[in-house]
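Work through the following exercises with the sequence and the coordinates side by side, and try each task before reading its solution.

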Amino acid sequence: MLKSFLAKRGYGSIEDLARLAHKRGDAIFVNKFHPRPTKNDTDLALAIGSVEDIGWVLIDRQSEGEGLQRFVSLTFRRREHGVPTT
């Protein structure tokens with residue numbers, strides 16, 4: 001219950017927020033993702049993959065900041081049925 005409450009207000013994991021946006025019927029999903037500095041961006045790659053599994057396609061990615069202030073703006077569009085993901 002708390003998880004869905006937070007997701008509806010824009011807080012929570014990227015997967016929860018993407019699932020909620022997809023369920024609402026949004027055409028575009030944007031998220032400011034903060035990769036862990038010690039993970040060599042593997043958590044970023046896993047996050048992108050899990051969002052694409054929900055039904056989104058990554059269309060833009062922009063990195064900003066450094067160290068602990070670093071974040072990546074991710075923009076996804078809804079995957080259309082029958083459209084290749086390449």
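**Exercise 1. Charged pairs**

With which residue does R24 form a salt bridge, and how far apart are the closest N and O atoms?

Solution. The model is a predicted one, and side-chain atom pairs are counted only at pLDDT 80 or more.

Step 1. The partner of R24 is D26, and the closest N and O atoms of the two side chains are 2.6 Å apart. Since exposed means over 50% relative accessible area, R24 counts as exposed because its value is 54%. D26, by contrast, is partly exposed, because its relative accessibility is 22%.

Step 2. In total the chain has three salt bridges. One of them joins D16 and R19, with 3.5 Å from N to O; these two residues both belong to helix α2 (residues 14-24), where they are three residues apart, or about one turn of the helix. D16 is classed as buried because its relative accessible area is 17%, whereas R19, at 45%, is classed as partly exposed.

Step 3. Another salt bridge brings together the side chains of R70 and D41, at 3.0 Å from N to O. This pair links distant parts of the chain, since R70 lies in the loop between β2 and β3 (71-78) and D41 in the loop between β1 and α3, 29 residues apart. D41 has a relative accessible area of 28% and is therefore partly exposed.

**Exercise 2. A buried charge without a bridge**

Which side chain of opposite charge is nearest to D43, and how far away is it?

Solution. 

Step 1. Locate the residue: D43 is part of helix α3, which covers residues 42-54.

Step 2. D43 is buried, and the nearest side chain of opposite charge is R36, at 4.5 Å.

Step 3. A salt bridge calls for a side-chain nitrogen within 4 Å of a carboxyl oxygen, and D43 has no salt bridge because R36 is 4.5 Å away.

Step 4. Once neighbours within four places in sequence are set aside, the residues in contact with D43 are F33, H34, P35 and R36.

**Exercise 3. The surroundings of R70**

Which residues are in contact with R70, leaving aside its neighbours within four places in sequence?

Solution. 

Step 1. The contacts of R70 are H34, P35, D41, S63, E64 and G65; of these, D41 is the salt-bridge partner of R70.

Step 2. R70 can also be placed relative to F33, as their C-alpha atoms are 8.9 Å apart while the two residues are 37 apart along the chain.

**Exercise 4. From the surface to the whole chain**

Which residues form a nonpolar patch on the surface? Close with a summary of the chain as a whole.

Solution. 

Step 1. The patch is formed by I28, V30 and I59, which together have about 270 Å² of accessible area. I59 belongs to strand β2 (residues 56-64) and is partly exposed because its relative accessibility is 44%.

Step 2. The chain contains three helices and three strands, which follow one another along the sequence as α-α-β-α-β-β.

Step 3. The chain has 86 residues, of which 30% are buried. Its accessible surface is about 6,100 Å², and carbon and sulfur atoms account for 53% of that area.

Step 4. Among contacts between residues at least 6 apart in sequence, 50% join residues at least 24 apart.

How values were computed: Residues are numbered from 1 along each chain as its sequence is written. This is a predicted model: local features need pLDDT of at least 70, side-chain atom pairs count only at pLDDT 80 or more; totals for chains, interfaces and linings use all residues. Side-chain values use heavy atoms; hydrogens and water are left out. Patches are made of residues with over 30% relative accessible area and no salt bridge: like charges are joined within 9 Å, nonpolar side chains (Val, Leu, Ile, Met, Phe, Trp, Tyr) within 5 Å. Accessible areas come from the Shrake-Rupley method with a 1.4 Å probe; for residues, only the protein chains shown count as cover. Helices (H or I, at least four residues) and strands (E, at least two) are DSSP runs, numbered from the N terminus. Buried means under 20% relative accessible area, exposed over 50%, partly exposed in between (1.4 Å probe, protein chains only). Contact means heavy atoms within 4.5 Å. Lys and Arg count as positive and Asp and Glu as negative; His and the chain ends are not counted.
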